[in-house]
Each structure stands twice: as C-alpha cells, then as structure tokens.
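Subject: Structure for your review

Dear colleague,

Please find below the structure that I promised to pass on to you. I would be grateful if you read the notes that follow with the model open beside them.

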Amino acid sequence: MTPHSWLFYGDDGTGKSYMLASALSDQVTGEQLRSGIIFDCEDKLGHLTLPEGVIVSTRPDLRHPEKGLDRLRGWIAAYRKEVAAGNHPHQVIGIDSLTEYQYLYRIGIGEEAHADNNKDDAEVLSPRSWGRMYDRMRFDIGYLKPYYTGAHLIVTAGAMEYAPENERPPRARDPLQDGTIQPELAGKLRENIGHMFDMVVYVEKLCPDHKQKGGVKEPTYRYHFAKNCDF
C-alpha cells in the first residue's frame, strides 16, 4: 500500500488517538499490524494497546522548555540518514497531537527568544517569533512526509469553531456556507495546514440521547473526508 500523510482533527473523545494506535496494533486482540513510532505530546496514550518502545514523549524539561525544541527535528535528521542508507525501520510515524506540539513549541520559542534578547517577552511571542515557529514546524512536517520516510504519517489535532475573519462581532453561523470548524492551531499553521497533508479528516462523535430496546444505543463516529457544510 502506498503510504500517505493524514491529519485527523476533532474534539476530545472522538477517537483520534485510537485511530492512530489502530494503525500499529489491533486494539481488541493486541496483534501488532505495522512497525512504527508515535511522538506523544500529551502523555496520554497509556490506555491504548501499543508495542513497547513505540511511544516517545516530546514534552520538554519544565525548567528549560527551549531545550526540547530540537528533539523531533534531531530525530528526523537521524531517520533520514537511515532511509538514505536503505533502512526503513517504521511503517507508521505519528504525532499526537499537533495542537499540543504547537503549544509546546510556542513555549520553547518564547524562552529561546528571551534568552537571545531579554527584552522579548518569554510568554507573548513577537511577530518574528511566530514566523520562526511557523517556518520550523512546516519544515519539520514536510520532512516527515512519506516521500522522505517511506512511512505513513498520521497526525492528530483538536478542533475549534472559528468565526469569519472579517466579522466583529461574528454573525450567527450558517452551516451551509461557513467553513468554521477547523484544526485547533494558531496563526498561519491553521490557515495552511490543508496543503501539508494528503488527507485532512474531520472526526465527530454523535452521542444518542435516548435508549433503545435492549440497552443504550452506541455512539456513532463519522469521518468527513471532503469539505462540506461547516467542516
């Protein structure tokens, strides 16, 4: 199967991390399906069935968050050398989640800018720092694509409802016209994220509010592969 790059975004509890884990292991039987690595930005994958050594935490040192910035980038550089040498250790590379990764990156960039110039606020990024973060993250995502790694890239992100940019205050949302439910990312990364993946999939969970005969009706999970209505 030709590997692709995937972004699954949606609210908490919609099964994004489960989907990612399922690419590596059968979550019912525990059978390993593919080799892979998952960069865990939230440290909350412990409840999923995954082989030992698959999960790699990307959370930086609490006292020195700027030192965690190069962890993923350093891994990408080392992995590309392996691929160039003819080795392909992984069939799946995952990031859970890009929303949290951008947040951690923002903290690190702020500390880095403050260390370079103590007049820069470590908590409020300047336009220059926002631009630096966007360029680095886009660069990193680009080199994680299957073209360079030979592996599927599966990334998750949260979801948020955004008002049209030119409306202050925003009017009532029209689901048939407004593309307002977007990945929970900040700045140019959210605006351009669709260009960085082969597939961008919105995931939603529909919870029934009534009981069926014989028990409670199971929730329904829907995956939107095309831009339609408000997704």
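Predicted model: local features only at pLDDT ≥ 70, side-chain atom pairs only at ≥ 80, totals over all residues.

Two strands are said to pair if DSSP finds at least two bridges between them. Strand β2, residues 36-40, runs parallel to β3, and 3 bridges join the two. One of the residues concerned is Asp40, whose bridge partner in β3 is Ser57. In general, strands of a sheet pair through backbone hydrogen bonds, in either a parallel or an antiparallel manner.

This pair belongs to a wider arrangement. The strands β3-β2-β4-β5-β1-β8-β11, in that order, form an open sheet of 7 strands with mixed pairing. The edges are taken by β3 (55-57) and β11 (220-224); each has a single partner strand, so one side of each is left without a neighbour in the sheet. On average, neighbouring strands of this sheet are turned by 20 degrees against each other, with direction ignored.

As to the protein as a whole, its secondary structure consists of 6 helices and 11 strands. Of its 231 residues, 42% are buried. The protein exposes about 13,200 Å², of which carbon and sulfur atoms supply 50%. Among contacts with a separation of 6 or more, 65% are between residues 24 or more positions apart.

The aromatic rings deserve a separate paragraph. A pair of aromatic rings is described by the distance of the centres and the angle of the planes. Rings count as a pair here if their centres lie within 6.5 Å, and planes over 60 degrees apart make the pair edge-to-face. By this rule there are 10 aromatic pairs. In one of them, the rings of Phe39 and Trp75 have centres 5.0 Å apart and planes at 75 degrees, so the pair is edge-to-face. Because Phe39 lies in strand β2 and Trp75 in helix α2 (residues 70-84), the pair ties together parts that are 36 residues apart in sequence. Both Phe39 and Trp75 are buried. Elsewhere, ring pairs link Trp6, Phe8, Tyr223 and Phe225 into a cluster.

Finally, I would draw your attention to a residue in a helix. Ser129 is located in helix α4, residues 127-143. Is Ser129 buried or exposed? Its relative accessibility is 2%; buried means under 20%, and Ser129 therefore counts as buried. Leaving aside residues up to four places away in sequence, Ser129 touches Ile109 and Ala113.

Yours sincerely,
A colleague

Note on methods. Residues numbered from 1 in each chain as written. Heavy atoms only, no water. Helix = DSSP H or I, 4+ residues; strand = E, 2+ residues; numbered from the N terminus. Axes fitted to C-alpha atoms, helices over the stretch in contact; angles between N-to-C directions. Buried < 20%, exposed > 50% of the residue type's maximum accessible area, 1.4 Å probe, protein only. Contact = heavy atoms within 4.5 Å. Areas by Shrake-Rupley, 256 points an atom, 1.4 Å probe, with all protein chains shown as cover. Phe/Tyr/Trp six-rings, centres within 6.5 Å; stacked < 30°, edge-to-face > 60°.
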